[in-house]
Amino acid sequence: MSDKFIVSTSPHVHSKFSTRGIMGAVLLALAPAGITSAYFIGYRSFAVMAVCVAACVLSEWVWQKYIMKTKSTISDLSAAVTGLLIAYNLPPDIPFYMAVCGCVFAIIVVKQFYGGIRCNIVNPALAARAMMLISWPTAMTTWTLQGMSGATPLAAMKAGQAVKISCWDLLVGNMGGCIGETCSVLLILGGLYLIWEEVISWRIPVIYIATAAILGQLFGHGSAVYEIFTGGLLLGAIFMATDYTTSPMTPKGQIIYAFGCGLLTALIRTWGGYPEGVSFSILIMNIAVPLIDQYTAPKIFGAVKKGGK
Amino acid sequence: MNLPTFLGGVHPPECKELSEGKAIENLMPSSGEFIYPLSQHIGAPCSPLVKKGDRVLVGQKIADSEAFVSAPIFSGVSGTVKEIALKMTVAGNFDTCIVITNDGMYEKAEPLEKSDPVKMIRSAGIVGLGGACFPTHVKLSPPKDKPIDFIIVNAAECEPFLTCDDNLMRACPDEIIKGLEKVLEIFPNAKGVIGIESNKPEAIKIMTEHAKNSPKISVQPLKVKYPQGAEKMLIKAITGREVPLVPALPADVGCIVLNTATTYQIYLALEKNLPLTEKIVTVSGDAVASPKNLRVPLGISVKELIDACGGFVNDPVKLIAGGPMMGLAMRSVDVPVVKGTSGILALSKKLAYLSEESSCIRCGKCVEACPMHLEPTFLDHAVRLRDYETFEAHGGMNCIECGSCAFACPASRHLVQSYKNGKAAVNEARKNKAKAEAKK
């Protein structure tokens, strides 16, 4: 009879969740939209995705192994998720060196400088996109679709042109845009899968999308349908705004945060200098998360409700 | 069906089918050493009343204390006192224990003397048998200014694997109801409610049937969710009341909660004049050959229980006293069954959770899971920074250590370990402060 047992604190059983499992589910949910866009755009979007994922994973590995000399965390797949998200936010014709710069910036400056997973204050993929948009404005806003270069629907709307895209093209993503943001149907399916798997809650995506669409129409920017299905709103609301590290933990906080994202997106799209406001809205709300968390702490069981905090 | 419950909690795999519906078997070995730690309850430890060489009988008081918050200890076997020495106990440390060599005759001592019911419950050595081991007579003596209107029998049995309460209800429904009636006599203005999770339909049916003739007693099925059997969550589900923050007690909202086995023991004490000498224990887990519900004399070695269930299979990696969510991991089978032991589980690598912890990812699953509505990851962070003031300010002392957060955590953070450390540090600081003030 064996007499050697492991002694540890309770609990002695565990749920199905693991960091790696969650990140894997996110990758799986993202995949179909990427494959479809590759179908419309061509092999180059595949190449950008591969370069971004590789650059992110490699920079995390090098940083942890040679500079911090700690255990590598690339196996938790979070760097791969960041890489894929950066790729989804880039135009397919982006030069590879720019994509690599963005990835290194995201992983090293935004994520690892602050202490790695959990410690970054803004979403690494979005911060990288914002950095690239400022550094290479032309390359980041030039779109080619089936050999034709042209503006994205949002940019056209900003310029005051009439935009006419068939419903079918809107849904499957046959229009100008970043690699992963155009195929609405599959992005929504990916989101439903993540909600079903309890990886994310419905609150942030639903409230964010609804707020942005309704306010966009109210502000006179465009019809609610266009607000939702063009640009990066679906990708942002489902996959970027829901990033654990940079979104509130409490239900109440998530509602406030999602509303803020939606409001800012509508404001930027209508009156801002850029045609698209999803990235900046989420980045700004990311910074507000510690404050939101502090003011929306749940009432402890049995505590008497206090005014304010 | 919308059954009452509480907000938060988790759904661990129930694993009750292993020992469910297996009638309670008696295990009375004819020899062996029986070990009785002097501290089997919350409160003052007992002092031995016997010495080396004394002959003792089943139900003979072998240790007691003058203190109010304490409970006497009785021998579960007849035999001779071999020694009073340091022995390993369930928690893995060495405590002073009375060791009795069993002569296998099970010769009974005189029954208890009749007296006032609360006194009798104390003299029968009854403590909370669910695992907390809080002396029951203390629970039944609330301050006069706190009227009690609910006596709740905790038959939720929300811990996975455990089926001892379920089977006790199926076997002895009348006894449990009589025990509850006896307690209701002490509190004439109170109603009795037996709360059972709905995954025990057989027990619910039997208890409802047998409670028919007691107008003050009702059976309340509850939603299956861990930790439904935590005192505060049970009170919330049944009465809608929230016990205020620590150090408030259930009596502050007019409730007293008793475990099923405790209620049964109250019946034995008040109706049959018997002290607490036996315990019903679920022996289960995927590393036990044939899981069972056993009625055993207190003080018996865990090894005897495992042997009675066919020994180990599938290489056990963890041996647990209690349930898998809150139980204690034991390092050896050579420890005695005590008053608080409700289960002995042997888990193989497949079930036992041995994952290495990684960095928090702020997913918020712990916040969602916490039945006390705390922010577990925040408290964990504070403890690891040794910032106990923040831990206390954010309600850390209210943690009930149910393990829901650690169960849900994808990063396998050792959250419960943190709260235990944090609570211990805060208590230590409070004690030192009180000492320093006393000196002034």
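Predicted model: local features only at pLDDT ≥ 70, side-chain atom pairs only at ≥ 80, totals over all residues.
Helix 3 of chain B, residues 164-171, is mostly covered, with six of its eight residues buried. The buried positions are Cys164(B), Asp165(B), Asp166(B), Asn167(B), Leu168(B) and Met169(B).

Domain 1 of chain B covers 16-20 + 112-272, and domain 2 of chain B covers 365-439. Taken over C-alpha atoms, the centres of the two domains are separated by 28 Å. Seven residues from domain 1 of chain B and six residues from domain 2 of chain B make up the contact. On the side of domain 1 of chain B that touches domain 2 of chain B, six residues are nonpolar, none is polar and one is charged.

Apart from neighbours within four places in sequence, Pro117(B) is in contact with Lys182(B), Ile186(B) and Leu270(B). Pro117(B) and Val183(B) are 66 residues apart in sequence, yet their C-alpha atoms are 8.4 Å apart in space.

The next topic is the interface between the chains. Here 60 residues of chain B are in contact with 34 residues of chain A. Several elements of chain B each supply at least two residues of the side that touches chain A: strand 15 (316-321), strand 16 (328-330), helix 9 (365-369), helix 12 and helix 13. Strand 15 of chain B gives the largest share of that side, five residues. By class, the side of chain B that touches chain A has 36 nonpolar, 15 polar and nine charged residues.

Within chain A, helix packing can be followed through helix 5. Two packed helices are described by the angle between their axes and the distance between the axes. The axes of helix 4 (residues 96-112) and helix 5 (residues 124-135) of chain A come within 8 Å and cross at roughly 130°. That angle makes helix 4 of chain A oblique to helix 5 of chain A, and the crossing of these two helices is right-handed. On the helix 4 side of chain A, the residues that meet helix 5 of chain A are Met98(A), Gly102(A), Cys103(A), Phe105(A), Ala106(A), Ile107(A), Val110(A) and Lys111(A). Their partners in helix 5 of chain A are Pro124(A), Ala125(A), Ala127(A), Ala128(A), Met131(A) and Met132(A). This contact of helix 4 with helix 5 of chain A has twelve nonpolar, one polar and one charged residues.

Helix 5 of chain A also packs with helix 14 of chain A, residues 278-295; the two axes come within 10 Å and cross at roughly 125°. Helix 5 and helix 14 of chain A are therefore oblique to each other, and helix 5 of chain A passes helix 14 of chain A in a left-handed crossing. Leu126(A), Ala127(A), Arg129(A) and Ala130(A) of helix 5 of chain A make the contact with Ser279(A), Phe280(A), Ile282(A) and Leu283(A) of helix 14 of chain A. These residues divide into six nonpolar, one polar and one charged. Ala127(A) is named in the contact with helix 4 of chain A and again in the contact with helix 14 of chain A.

Most residues other than glycine have a negative phi, and most peptide bonds are trans. Leu77(A), a residue other than glycine, has a positive phi near 70°. This leucine is placed in the loop between helix 2 (43-67) and helix 3 (78-88) of chain A, and Leu77(A) is buried, with 20 other C-beta atoms within 10 Å. Ser412(B) likewise has a positive phi, near 55°. Its position is in the loop between helix 12 (404-408) and helix 13 (415-439) of chain B. With 18 C-beta neighbours inside 10 Å, Ser412(B) counts as partly exposed.

In chain A, the bond from Ser10(A) to Pro11(A) is cis, with omega near -5°, and Pro11(A) lies in the segment before helix 1 (19-41) of chain A. In chain B, the bond from Tyr226(B) to Pro227(B) is cis, with omega near -10°. Pro227(B) lies in the loop between strand 11 (217-222) and helix 6 (231-239) of chain B.

Methods. Residues numbered from 1 in each chain as written. Chains lettered and ligands numbered in written order. Contact = placed C-beta atoms within 7 Å. Helix = DSSP H or I, 4+ residues; strand = E, 2+ residues; numbered from the N terminus. Buried ≥ 20, exposed ≤ 12 C-beta atoms within 10 Å, placed from the backbone. Nonpolar A, V, L, I, M, F, W, Y, C, P; charged D, E, K, R; others polar. Axes fitted to C-alpha atoms, helices over the stretch in contact; angles between N-to-C directions. Parallel < 35°, antiparallel > 145°, perpendicular 65-115°, else oblique. Left-handed = near helix turned anticlockwise from the far one by under 90°. Domains from an automatic or database assignment.
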